[in-house]
Amino acid sequence: MNNTQVIVGMGSCGIAAGANKTYDAIKNIKEAYDCNFVLKKTSCVGMCFREPLVEIIDDTGYFLYGGIDESKALEIIESHLRDHEPIKEYVVKSDLFPTDDDQYFEGQVKIALRNCGHIDPENIDEAEYKNAYRALKNIGSKDISRKDVIKTVLDSGIRGRGGGGFPTGMKWQFAYQSKNDDKYIICNADEGDPGAFMDRSLLEGDPHAVLEGMAIGAYAIGASQGVIYCRAEYPLAIKRLDIAINQAREKGYLGKDAAGIKDFNFDIYVKEGAGAFVCGEETALIASVEGERGMPRRRPPFPAVSGLWKKPTNINNVETFANIPYILLNGAESFSKYGTEKSKGTKVFALTGKVKNGGLVEVPMGMSIRDIIFKLGGGIQDDKRVKAVQLGGPSGGCIPEYLLDTPVDYDSVNATGAIMGSGGMVVMDETTCMVDLARFFLDFTQKESCGKCTFCRMGTKRMLEILTRITEGKGEQGDIERLEDLAYQIKDNSLCGLGQTAPNPVLTTIKYFRHEYEAHINKKSCPAKGCLTLLKYEVIPDKCTGCTVCAIKCPVDAIDGARKEVHFIRQNDCIKCGECYSRCRFDAIKLS
Amino acid sequence: MRISRNRIETNSELAAPEDLYKLNPLIKKYKGKKGALIPLLQGAQHLYGYIPRKAFEKIAAETGLELADMYGVATFYSQFRLAPVGKYIVKVCHGTACHVQNAKSITGALEDTLRIKDGETTEDRLFTLESVACLGCCSLAPVMMISDNTYGNLDRKSAAKVIRDMKLQEKKS
């Protein structure tokens, strides 16, 4: 029983679901009864919908328990460890028997996330056991040249995972060709897209993969300093990165003659971002690292020629870096065998919204969106109908239900008008209003516009005003055309990606859901019943028993009616809070 | 556009001068280093919970940074505050996933319970209500975060209850 391990998933989402309490409960039991098992922490395996997760590995096999709160923790410890009887109904994955949740893992290929949820991210020995830093050490021991490293990355076909989709190998080549004694390599961990948390999970779960990827990149282009630009909203990721960097220094993977590679001196520090979405843009990020307002700069010169402190600089996304060690260790072929002709490898998606099994999935490029939602995601909550999928966050677009067979690869997704983006995939059912969603994204980009380019600064504001007007039932004829006109002007006249892509959510919703815009403007109604100002709560006279509950609960006294008589809602006073609707026990209030 | 429209501190809230010595180690650490402006402001905010006017002036005087540059940076990034906040900052997530799960109603319920508007602080300086872009807990949407605790799968009722419970706790202690 010495080999028995109990491992608690402690990513940010696990902790939010109560993993700390679960961990403490197990620790207390272990100490109180002097139990003979090893208690460990790990990060997220991506099954956010089953958090908190507890993994038990014993002589018989591997058991992943889901939804384990304090009392269930006690149950599984007693039953599984003391009586050797696993509680099958709590098990979400095991190598001994199938479970209902197995489909979540079927079809997934874990390359970037290979170690997430399988190692203690604060312990470099466990990472090393799982091959961390082996690719970097090979460079030294096998004397692999910088050109060969770049060639392997080029051959793998990997493209930037932050959303741009530019071939990583080519980027490295440009930085390599710039002649300069000082070069920089930057990891973009400023994951600002609302609805995306791939980078956070990676940094929390396997920081060493990112550090190793950066070190390999630094060797390839000849950089001596690395910077990780991480969102300040991710305190746990920053903490684990700092621990990982210190451990890597102690082991000699960073510093002078790093990893035994002669004359390769390289170190990394973490720079905390201060909260600005536009800093996801390369040149704005560089300005921010230099301590200025994060406003983008004109290109050319590209960062590969003149970047941080005017030195050649290479910037890649977290997920890109995490893939690099795997590619170097296993060869370009091991990566390029997955995916489609032009989009190689795998992609991590944060699957959220109205989907049953929300979480982090890594799939080969080319899988259809429908398969991701219905096979991995288990379908739509409450078995409603899927209406659209939002890809790429505020820069992306909505893909309607009839295009769900679109494969996820850069070119197919671009053809729909959305973009691959960094990997946020938000599923929406029939209750989500598309006009309101477009307004939501425009509200975000309008606030985040840095203000440098007039069209982005003023144009997004005007678009937001029109959208707000439409959702409030004050839309006018010609509004749709005005929106389209502004959208193209903003796209054409903005310096950076923020402005160039900001109108995408509006353009795609107009393209695929024009009828919803028209209903708002012409009929002053919201088909999805999402826009509050256009809704009306009314009493159904046949069903009302006159119990007075709604009238008592109404916070603004907008409901009239005597006991045992049909009630009436005064529309002028109603604030549409929905209190009557949720309180009525006779379904006598309708929403129209 | 990115301008923080935060309330600026009033006279009664100015940090006492004796507190300013806390800045000394920070200034010593970053003085003369390139790219130090943002870490200096982050450090000052960490000490005081916001960046007092006097801290701006002291940092400018001792590091040679321009006050205008510092103010420009401080108002650009959403992290920086120019006025004191409540003991607890209630951050309601308005990311995409939370938005489609009706985060608006959560903010509404909290506004009603706390009797303040989004972005304001209660009179007793206990709570500040904020909307944030994304807390990265999308699978638990709608979500809010108070101090280091995250509360997921909220509705109007449960969100208000969290606040009421915290108020009670505060009264007891």
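Angles between axes under 35 degrees count as roughly parallel, over 145 as roughly antiparallel, 65 to 115 as roughly perpendicular and the rest as oblique. Axes are lines fitted to C-alpha atoms, for helices over the stretch in contact, and the angles run from 0 to 180 degrees between N-to-C directions. Helices (H or I, at least four residues) and strands (E, at least two) are DSSP runs numbered from the N terminus.

In this predicted model, local features need pLDDT of at least 70 and side-chain atom pairs count only at pLDDT 80 or more, whereas totals for chains, interfaces and linings use all residues. Residues are numbered from 1 along each chain as its sequence is written, and chains are lettered from A and ligands numbered from 1 in the order in which they are written.

Helix 9 (residues 207–221) of chain A packs on helix 12 (residues 318–330) of chain A at an angle of about 75°, and their axes are 7 Å apart. Helix 9 and helix 12 of chain A are therefore roughly perpendicular to each other. Among the residues making the contact are Val210(A), Met214(A) and Ile216(A) of helix 9 and Phe321(A), Ile324(A) and Leu328(A) of helix 12; two residues are in contact if their C-beta atoms, placed from the backbone, lie within 7 Å. By class, this contact has 10 nonpolar, two polar and one charged residues. Here Ala, Val, Leu, Ile, Met, Phe, Trp, Tyr, Cys and Pro count as nonpolar, Asp, Glu, Lys and Arg as charged, and the others, Gly among them, as polar.

## Nonpolar cores

A nonpolar core is a set of buried Ala, Val, Leu, Ile, Met, Phe, Trp, Tyr and Cys residues joined through C-beta atoms within 7 Å. A residue is buried if 20 or more other C-beta atoms lie within 10 Å of its own, exposed if 12 or fewer, and partly exposed in between, with C-beta atoms placed from the backbone.

The largest nonpolar core has 222 residues, and those touching the most other members include Val210(A), Ile372(A) and Leu41(B). Helix 9 of chain A gives the largest share of this core, 10 residues. Apart from this core lies another, of 10 residues, among them Cys554(A), Cys580(A), Cys584(A) and Ala588(A).

Not counting residues up to four places away in sequence, Ile372(A) touches Phe349(A), Leu351(A), Val361(A), Val363(A), Met367(A), Gly377(A) and Met425(A).

Gly291(A), which follows helix 11, has a positive phi, near 90°.

Gly164(A) lies in the loop between helix 6 (146–156) and helix 7 (168–177) of chain A. Because Gly164(A) has 17 C-beta neighbours inside 10 Å, it counts as partly exposed.

Chain B has seven helices and four strands, and 38% of its 173 residues count as buried.

In the interface, 29 residues of chain B are in contact with 41 residues of chain A. Helix 2 (37–48), helix 4 (67–76) and helix 5 (96–100) of chain B are the elements that give two or more residues to the side touching chain A. Helix 5 of chain B gives the most, with four residues. By class, this side of chain B has 16 nonpolar, 12 polar and one charged residues.
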